[in-house]
Amino acid sequence: YGTNGVAAAFSIAMLMWLVPHVVWCVQGTPISVRDLASAVARPLLATAFAAALTYAAQHYTADLPHALLRLAAGGAVMLAAYLFALMFILGQKDTYLELLRGLRSSPAIDSKS
């Protein structure tokens, strides 16, 4: 199947490796697999939504004359869809705004002390 087959086989192998590796990594730590899964669930769902929307948008960007324009259009769709899904559909807007406020209001680290 050529390069597509190699890419698909590699992706499938990495997905099969992921779960046992995560279980092994959290073994003996206070973090459980469930804790880790709940932490990444929302960003993962937002990524899946954005990837599906970007894949659908390829139909409309296929006629763009340059590959760089297609890449920029796909990246813009992916970013916008990801942020929309994460912030509004999955309700993470307040969490990230609070994080940004905390970063802005935290004092700079004094390197002289």
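At 43% relative accessibility, Phe-84 counts as partly exposed (buried means under 20% relative accessible area, exposed over 50%, and partly exposed in between, with a 1.4 Å probe and protein chains only). Phe-88 is exposed, with a relative accessible area of 51%. The model is a predicted one, in which local features need pLDDT of at least 70 and side-chain atom pairs count only at pLDDT 80 or more, while totals for chains, interfaces and linings use all residues. Residues are numbered from 1 along each chain as its sequence is written, and side-chain values use heavy atoms, with hydrogens and water left out.

How many aromatic pairs does the chain hold? The count comes to 1 aromatic pair, where rings of Phe, Tyr and Trp (its six-membered ring) pair if their centres lie within 6.5 Å, and planes under 30 degrees apart count as stacked, over 60 as edge-to-face and the rest as tilted. The ring centres of Phe-84 and Phe-88 are 5.7 Å apart and their planes stand at 40°, so the pair is tilted. Because Phe-84 and Phe-88 are 4 residues apart in helix H3, about one helical turn separates them.

The chain contains 4 helices and 0 strands (DSSP runs numbered from the N terminus, helices being H or I with at least four residues and strands E with at least two). Its radius of gyration is 20 Å, well over the 13 Å that the globule rule gives for 113 residues, so the chain is more spread out than a compact globule; the radius is taken over C-alpha atoms, and the rule is 2.2 Å times the number of residues to the power 0.38. Of the 113 residues, 11% count as buried.

Turning to H2, this helix has 29 residues and reaches 39 Å from its first C-alpha to its last, close to the 42 Å expected at 1.5 Å a residue (the expected span is 1.5 Å times one less than the number of residues). A kink of about 40° lies at Ala-41, shortly before the proline Pro-43; the bend is the angle between axes fitted to the seven residues ending there and the seven starting there.

Buried positions in H2 are Ala-46, Ala-50, Thr-54, Ala-57 and Thr-61, and the buried residues of H2 pack against helix H3 (67-89). Thr-61 has a relative accessible area of 16%. Leaving aside neighbours within four places in sequence, Thr-61 is in contact with Arg-70 and Ala-73, contact meaning heavy atoms within 4.5 Å.
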